[in-house]
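Good morning, colleagues. Please keep the sequence and the structure in view as I speak.

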Amino acid sequence: MLEIADNLSNDDKPAFYSDLQLMAAGLLEGDDDLISSLANLSSLLFWQLEDINWAGFYLLSENVLVLGPFQGKPACNRIMVGQ
């Protein structure tokens, strides 16, 4: 696994995020299911980015953001666009 981002110097962060991008690409390779891909990405971000309590996605449905895959503390199920 990668070294946690907050423990890195500014000089090391580009390499960290490049490696994180490669890991994300590996998780997405061959997976054409949106929900499965978002679930894996939210887990990767949650476990690799220190000092966050939530990593996930909201999906736009008409004029409402609907909670999608996430890791962390409970979240709002729906958020009206503009709020």
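The chain contains two helices and three strands, where helices (H or I, at least four residues) and strands (E, at least two) are DSSP runs, numbered from the N terminus. In sequence order, the pattern is α-α-β-β-β. Two remarks on the source are needed here. This is a predicted model, in which local features need pLDDT of at least 70 and side-chain atom pairs count only at pLDDT 80 or more, while totals for chains, interfaces and linings use all residues. Residues are numbered from 1 along each chain as its sequence is written, and side-chain values use heavy atoms, with hydrogens and water left out.

Along the principal axes, the C-alpha atoms occupy a box of roughly 40 × 30 × 20 Å. Of the 83 residues in the chain, 19% are buried; buried means under 20% relative accessible area, exposed over 50%, and partly exposed in between, with a 1.4 Å probe and protein chains only.

Let me turn to the helices. Helix H1 spans residues 13–28 and helix H2 residues 34–48; they pack at an angle of about 155°, with their axes 9 Å apart. The axes are lines fitted to C-alpha atoms, for helices over the stretch in contact, and angles run from 0 to 180 degrees between N-to-C directions. H1 is therefore roughly antiparallel to H2, a term for angles over 145 degrees. Which residues of H1 and H2 meet? From H1 come Phe16, Leu20, Met23, Ala24, Leu27 and Leu28, and from H2 come Ser37, Asn40, Leu41, Leu44, Leu45 and Gln48. By class, this contact of H1 with H2 comprises nine nonpolar, three polar and no charged residues. Here Ala, Val, Leu, Ile, Met, Phe, Trp, Tyr, Cys and Pro count as nonpolar, Asp, Glu, Lys and Arg as charged, and the others, Gly among them, as polar.

Next, the sheet. Three strands form an open sheet in the order S1-S2-S3, with antiparallel pairing; two strands pair if DSSP finds at least two bridges between them. Strand S1 (54–61) and strand S3 (78–80) stand at the edges with a single partner strand each, so one side of each lacks a neighbour in the sheet. Seven bridges join S1 to strand S2 (residues 64–72). Among the partners across these strands, Leu60 is bridged to Leu65 in S2, and Ala55 stands opposite Gln71 in S2.

Leaving aside neighbours within four places in sequence, Phe46 is in contact (heavy atoms within 4.5 Å) with Ile52, Asn53, Trp54, Ala55, Gln71 and Gly72. The C-alpha atoms of Phe46 and Gly72 are 7.5 Å apart, although 26 residues separate them along the chain. At 21% relative accessibility, Phe46 counts as partly exposed.

Finally, two loop residues. Asp51 is found in the loop between H2 and S1, and its phi is near 65°, a positive value in a residue other than glycine. With a relative accessible area of 68%, Asp51 is exposed. S1 and S2 form a hairpin with two residues between them, and Glu62 in the turn has a positive phi of about 55°. Glu62 is likewise exposed, with a relative accessible area of 77%.

Technical notes
Angles under 35 degrees count as roughly parallel, over 145 as roughly antiparallel, 65 to 115 as roughly perpendicular and the rest as oblique.
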